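This report describes selected features of a predicted model.

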Amino acid sequence: MKAKGITAFSSRRFGAVVAVAFALVATTLPSATAAGEVFGKACTTEGISTGQSTTSLICTMGSNGKLTWTRVRLGSNSAKPVAALKAQPGTIEFHHWRPEDKVVLQSIIDKFEALNPGVHINQVIMNSVDYTNLAYAKISVNNKAALFVTSRGGQFDQFYKGGLLKDISSNRYVSQNVIASALTPATVNGAVYGVPYQSLFNNPLYNSEMFAKYGWTVPKNWTELLGFCKAVKAKGIIPFAWPAATRGNAGQIMNSFLMNSAPDLATLTARIAAIDTGKADLTSDWFVDIAKKYKAMNDGGCFPDNVTGYNDTVAPADFASGKAAIYPTGTFGMSTVTKLNPSMAGKMKMMSMITVDTKPLYQGITNNTFILSVNAKSSSRDQSIANAFLSFLATAPIAQEYAVGTSQHVSIINVDYAANIDLLNTSDIMGKKLLLAPRFLFVNVGTVRNPLEDALIAIGGGADITKTLADTSKTIKQSLGA
Amino acid sequence: MRTFNIKKTESRVLIAMAFPAFAIYAFLYLYPSLSNVYYSFQRWDGVTKPEFVGLHNFTYLATNDDLFMKVLGNNFRFSFIVVIFQTLLALLFATFLLKNTKTSIALRIVFFFPTILSSVSVGLIWNFLYDPNFGFINAILKSVGIPGLNWLGDTRYSLYAIALTQVWFHTGQMVVIYVAGLQQIPQELYEAAEVDGASRWQQFKNITWPMALPTTAVVVAYTTIQTFRAFDLVYSMTQGGPLNSSDMLVTLIYNTAFSSYKWGYASAQSIILVFVVLLLTYLQRRTLRLNTGEK
């Protein structure tokens with residue numbers, strides 16, 4: 001099925017969309033310099049690219065609204081990616097939270113061990129909830145955990161504060177193999193403390209086949225979005241399969257609500273920081289406006305009935321079976337959907353969820369997470385093994401194996417997504433102006449972010465805005481003071 | 001002198017034999033418990049050095065933490081509902097399944113069956129049953145014209161929905177305890193009552209209930225402790241939500257420590273939990289003893 005989909009996939013688009021992934025750090029060149037390389041003097045389709053290497057060109061929309069060729073420059077310098085480092089013999093543990101990646105990672109580990117005789121890497125896997133809560137306690141007392149992952153924001157900060165992250169800035173693979181912009185979440189005061197391996201896109205997935213069948217188009221603004229919900233519901237289809245009963249995935253939609261809620265990024269960051277530190281209340285006008293939009297979506301029929309009891313087992317099943325048009329989580333939800341219904345492969349696309357009627361500042365969300373770090377408290381030999389394995393993961397063929405096998409975009413240069421049609425289909429979001437997921441700017445996860453998201457979920461389910469936000473604000477302030 | 005030496009040697013051997021068990025107990029129970037007491041007087045995020053804050057964590061809990069009070073209330077309500085229903089149902093079933101007939105034994109196994117399931121599995125199964133849009137329970141209700149409820153997604157029902165699951169989960173276990181207790185009641189008492197013309201209800205009221213009080217004390221104490229340890233079920237069904245409506249002390253403590261990284265504060269919360277359980281157990285036992293005339 002997948003092979004058929006790929007064959008059917010237009011070769012022009014195939015070559016192009018892959019490279020669009022790397023437009024995030026594109027450096028604009030004069031169109032005269034770029035014109036004519038492959039596609040002619042002028043580019044006409046946003047997102048079209050000449051390839052996937054650091055010398056590729058991509059067609060992007062300039063600030064003047066015109067399409068221009070832009071040179072992709074992925075690394076922090078123009079040097080070519082380097083090969084993996086060699087490891088000394090020894091055994092280390094690799095701690096992470098993705099049981100679904102176990103097989104692919106084991107295949108990669110087997111290859112690494114074959115290339116480095118005497119090296120053994122054991123995966124230690126917890127589910128993501130347990131990992132969030134227990135990883136620090138476990139890894140901080142286990143020096144054999146020489147390689148581990150953290151998530152962007154609170155968890156990375158916790159490990160950094162605990163002195164568990166080794167500075168890996170001086171490694172050539174860091175500057176030459178990893179997309180430079182992707183390193184931001186793992187960079188502190190100019191030093192790099194890990195490789196954010198996954199490039200996630202926390203935007204709603206939509207069923208492109210269903211959209212085509214009913215003649216729907218992706219809503220471009222808030223008014224269109226509410227109108228879209230009405231049209232979809234009239235057909236007996238759930239517009240947004242929002243898994244409100246499962247906070248982890250229900251919270252993803254908040255990224256879209258936040259991204260265009262402030263006049264600029266600095267203001268947004270300051271507002272989030274004010275709430276995160278208890279200096280501002282959830283009852284501030286800015287946050288109340290966001291809450292009102294959750295309520296408006298519920299009132300507008302965007303969400304399923306009894307949405308606060310609608311969990312993340314039912315939501316992807318409804319989306320996969322054609323009962324819902326949109327599954328508002330992110331690229332990481334695609335593999336679940338195709339497991340539930342393999343015929344969904346190639347039908348999922350990613351949409352910008354615009355919640356304003358003015359010109360949006362951002363068109364989508366990205367997140368560089370699954371930050372791979374070397375344990376600063378491990379022995380130097382174990383650190384060298386971990387570092388060598390990390391450099392191995394940062395080579396294009398291996399990153400590609402991981403990407404295709406796990407349906408995740410990665411932050412490594414020169415990766416070809418051709419073998420996974422869903423990765424290709426959702427790559428066009430990368431040609432848009434994306435914001436690093438603002439949800440993770442709330443670093444006080446248990447004290448602030450969780451209750452805040454619970455409040456928005458309750459409001460999205462119909463709870464009273466004023467009372468819910470006032471009560472939650474009080475809880476947050478009391479918890480911060482404890 | 002010789003006897004004294006033998007006794008001394010024997011006692012040393014006995015101490016040595018008890019040592020491994022004591023060491024395990026000390027390492028796995030005593031040390032963590034004492035550490036917990038120590039950390040309850042500290043402000044500690046699990047990363048930086050703990051800072052001594054005296055009784056601050058306890059005074060803050062008592063005076064400034066509405067969420068803790070709300071969750072404490074949740075736990076009392078949950079405990080009350082489960083203790084009442086689980087105990088009464090277990091006693092009722094045990095009364096009917098007292099005789100060792102094939103049917104009774106088979107039914108006891110059926111009732112006991114949920115107990116052997118893992119609590120997370122039970123949580124997932126009941127999540128499906130409670131699903132507001134296609135769940136079995138709402139389907140039954142709708143088939144007889146009653147509108148379904150958003151069982152786990154509504155702050156008004158979530159706690160009761162979990163309580164019902166808890167009762168289903170553990171009643172069978174209590175049935176077994178009751179059956180064992182009721183089988184100790186001398187048959188002659190019932191025979192004498194029958195000769196005196198006592199009805200089934202009078203037999204239950206005047207013989208079964210008073211004679212079963214010691215067993216009831218065990219069942220009630222055990223059920224109470226279970227309700228204050230109901231972590232897995234709550235976590236797998238609602239994670240304490242929506243809006244903390246089904247949060248229990250154990251889930252709150254877990255979140256305080258592992259999500260908010262307030263380890264000292266979580267330690268203080270857990271000490272309050274221990275005292276609450278101790279107090280409740282003491283009060284229950286005292287009440288039941290008064291009923292049996294024990295002093």
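## Helix 13 of chain A

In helix 13 of chain A, the buried residues are Phe287(A), Ala291(A), Lys293(A), Tyr294(A), Met297(A) and Asn298(A). Because they cover an arc of only 145° around the axis, these residues lie on the same side of helix 13 of chain A. An α-helix has 3.6 residues a turn, so residues three or four places apart point the same way. Asp285(A) and Asp289(A), on the other side of helix 13 of chain A, are exposed.

The buried residues of helix 13 of chain A pack against helix 11 (252-259), helix 12 (265-276), helix 19 and helix 20 of chain A. With 15 residues (285-299) at 1.5 Å a residue, helix 13 of chain A should span 21 Å, which agrees with the 20 Å between its end C-alpha atoms.

## Domains of chain A

The domain assignment divides chain A into domain 1 (9-71), domain 2 (90-200 + 366-432) and domain 3 (205-351 + 444-481). Twelve residues from domain 2 of chain A and 13 residues from domain 3 of chain A make up the contact between these two domains. On the domain 2 side, helix 18 (residues 421-425) of chain A gives the largest share, three residues. That side comprises three nonpolar, seven polar and two charged residues.

## Contact between chains A and B

Chain A places 30 residues in contact with 27 residues of chain B. Helix 19 of chain A supplies the largest share of the chain A side, seven residues. By class, the chain A side has ten nonpolar, 15 polar and five charged residues.

How values were computed: Residues are numbered from 1 along each chain as its sequence is written. Chains are lettered from A and ligands numbered from 1 in the order in which they are written. This is a predicted model: local features need pLDDT of at least 70, side-chain atom pairs count only at pLDDT 80 or more; totals for chains, interfaces and linings use all residues. Domain bounds come from an automatic or database domain assignment. Two residues are in contact if their C-beta atoms, placed from the backbone, lie within 7 Å. Helices (H or I, at least four residues) and strands (E, at least two) are DSSP runs, numbered from the N terminus. Ala, Val, Leu, Ile, Met, Phe, Trp, Tyr, Cys and Pro count as nonpolar, Asp, Glu, Lys and Arg as charged, and the others, Gly among them, as polar. The expected span of a helix is 1.5 Å times one less than its number of residues. A residue is buried if 20 or more other C-beta atoms lie within 10 Å of its own, exposed if 12 or fewer, and partly exposed in between; C-beta atoms are placed from the backbone. The arc is that of the directions from the helix axis to the C-beta atoms.
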